[in-house]
Amino acid sequence: MSDQINTFCSNEELQLLASGITPGYASAPYQFTHGKGVFLFDQDGKDYIDFCAGTFTNSLGHAHPEAVKFMQARLAELWNVHDYSTPFRLKLLRQLNALTPGHIDTFQFYSGGSETIEAGLRALTSFLPATRKKITSFTGSYHGKTLGARQLWHCGFPGEPPSDITQLPFPDGFGLSDAEKKEYEKTCLKTIESCFANNPSIGAIVFEPILGSGGNLQGSISFWNSFDALCKQYSILKFVDEICVGFGRTGYDFAFQRYAIEPDLIAFAKGLGGGFPTMCLAGRKEIMNAKPFGARGGASTTFGGNPLSIAAMHITLKIYNEEKLAANALALESILQEGIRMLAKKYSSIFDFRVSGLMATLCLNKNSTQYTNEFAMRLHQSCLAQGVKVMTFDHLFRIAPPLNINSAELQLGLSRLASAFDRAEKETQMDCPQEFSYSDA
Ligand SMILES: Cc1ncc(COP(=O)(O)O)c(C=O)c1O
């Protein structure tokens with residue numbers, strides 16, 4: 001078990017973990033007992049702002065009264081009928097038809113993200129001709145932890161065979177000036193074009209329109225326009241992974257709408273079930289129905305689209321539309337942006353940050369003399385102590401509150417973050433060279 005996990009565990013929990021539970025992402029020396037809106041509560045009644053909405057999942061926060069009432073009624077009705085239709089599945093299909101672009105007209109449901117990516121890969125390889133079945137991806141992307149998904153992002157787990165998937169450069173422009181970014185995007189586009197031209201066996205690309213786990217990295221609209229045109233020119237199908245950035249997270253129903261990308265297949269979304277384990281694969285009929293994927297039993301799974309997860313998607317989507325949650329995310333973007341800019345100016349441990357809608361990534365300064373994984377973990381703990389729950393991974397510090405957060409709650413979370421940075425930096429006596437600090441000059 002890693003030290004990272006130890007820091008967050010009570011002795012009692014450590015004993016249990018040691019006896020056979022594989023460490024997950026994080027735990028804490030207390031238990032969350034319930035939630036209400038954007039707040040979580042522990043067994044002592046202390047509140048925490050859930051600044052990562054479960055894990056980008058709880059679009060409606062916790063225990064939304066209408067969703068709870070609806071789901072309680074569904075619990076008493078039907079739990080699993082495999083792939084058979086139900087009244088709410090019909091309603092949900094109508095809702096999804098309205099949510100997705102007109103040419104996306106066929107849907108299938110899954111329980112997790114990696115499973116949905118694998119299903120999409122099966123659909124693509126069923127549809128593509130024998131000579132064009134290779135699928136590419138972007139560097140820095142994340143698509144899940146199952147075998148096919150891992151191959152896409154070259155995760156390099158120890159002992160794993162190297163992936164033979166050719167990856168394309170993502171124009172992150174990290175640390176570059178605007179002019180340098182433009183040049184870099186052109187270089188990326190040239191590399192992408194030569195890859196398509198020289199590898200006719202590539203028939204599709206899987207990509208996130210904004211790299212979520214990669215650090216909220218974004219290309220420009222002009223990059224995506226040129227990329228879209230290249231895909232058309234070389235007949236490359238676009239499988240858009242919206243698992244992290246879809247369903248209102250960036251202020252649009254789908255992040256690809258920020259860039260007018262036209263997808264052939266979409267995997268989405270962590271937030272669609274409001275926290276219930278459920279995902280959707282959506283695509284053009286001819287891809288989704290291509291055999292063997294589209295043959296009887298080719299696309300279905302044990303739990304995918306069970307009545308309870310269908311109900312969770314239906315009610316979440318209904319409330320998402322009624323409460324205009326994508327618009328809320330877009331409206332609050334400037335408050336989040338400004339709040340984080342103030343943090344970055346004040347705290348030298350922050351090197352850079354990026355915000356899109358209600359999704360932000362702060363990059364901690366790996367170049368400061370005091371930066372260590374211990375500092376990152378201390379900061380994480382300091383956040384919990386100050387009553388704000390965030391996601392941290394290595395030097396990336398991620399924020400994604402429920403989509404129905406209001407501006408007062410967002411400001412409260414930001415001020416708790418400031419206290420957490422204050423405390424963690426004081427304890428570490430951060431001393432960062434000027435050239436490695438954030439500057440908005
Ligand atoms: C973009 C993206 N794709 C795929 C996945 C994998 O999802 P899961 O962890 O549910 O398998 C994730 C999870 O974070 C993700 O962010």
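User: Which residue takes a positive phi in the hairpin of β16 and β17?

Analyst: That is Asp394, with a phi near 55 degrees. The hairpin has two residues between its strands. Keep in mind that this is a predicted model.

User: How do you know that β16 and β17 pair, and in which sense?

Analyst: Two strands pair if there are at least two bridges between them. Strand β16 (residues 391-393) and β17 have three bridges, so they pass that cut-off, and their sense is antiparallel. Within this pairing, Thr392 stands opposite Phe397 in β17.

User: What makes β14 and β17 a pair?

Analyst: The bridge count again. Strand β14 (residues 359-364) and strand β17 (residues 396-399) share four bridges, against a requirement of at least two, so they count as paired. Here too the sense is antiparallel. Thr361 stands opposite Arg398 in β17.

User: Happy with the strands; on to the helices. Why are α12 and α14 called roughly parallel to each other?

Analyst: Angles under 35 degrees count as roughly parallel. Helix α12 (residues 325-346) and helix α14 (residues 407-428) pack at about 15 degrees, and therefore they are roughly parallel. Their axes are 10 Å apart, and α12 passes α14 in a right-handed crossing.

User: Which residues make the contact of α12 with α14?

Analyst: From α12 come Leu332, Ile335, Leu336, Gly339 and Leu343. From α14 come Ser407, Leu410, Gln411, Leu414, Leu417, Ala418 and Phe421. By class, nine residues of this contact are nonpolar, three are polar and none is charged.

User: What makes α8 roughly parallel to α9?

Analyst: The axes of helix α8 (residues 178-198) and helix α9 (residues 221-233) cross at roughly 10 degrees and come within 11 Å. With the cut-off at under 35 degrees, that makes α8 roughly parallel to α9. On the α8 side the contact is made by Glu185, Leu189, Ile192, Glu193 and Phe196, and on the α9 side by Phe223, Ser226, Phe227 and Leu230. These divide into six nonpolar, one polar and two charged residues.

User: Lastly, which residues are closest to the ligand, and how many surround it?

Analyst: The ligand is surrounded by 13 residues, and the closest are Gly112, Gly113, Ser114, Gly144 and Cys244. Helix α6 (residues 113-127) gives the most to this shell, with three residues.

User: How do the residues of that shell divide?

Analyst: Seven are polar, four are nonpolar and two are charged.

Notes
Residues are numbered from 1 along each chain as its sequence is written. This is a predicted model: local features need pLDDT of at least 70, side-chain atom pairs count only at pLDDT 80 or more; totals for chains, interfaces and linings use all residues. Axes are lines fitted to C-alpha atoms, for helices over the stretch in contact, and angles run from 0 to 180 degrees between N-to-C directions. Angles under 35 degrees count as roughly parallel, over 145 as roughly antiparallel, 65 to 115 as roughly perpendicular and the rest as oblique. A crossing is left-handed if the near helix is turned anticlockwise from the far one by less than a right angle, and right-handed if clockwise. Two residues are in contact if their C-beta atoms, placed from the backbone, lie within 7 Å. Ala, Val, Leu, Ile, Met, Phe, Trp, Tyr, Cys and Pro count as nonpolar, Asp, Glu, Lys and Arg as charged, and the others, Gly among them, as polar. A residue is near a molecule or strand if its C-beta atom, placed from the backbone, lies within 6 Å of it.
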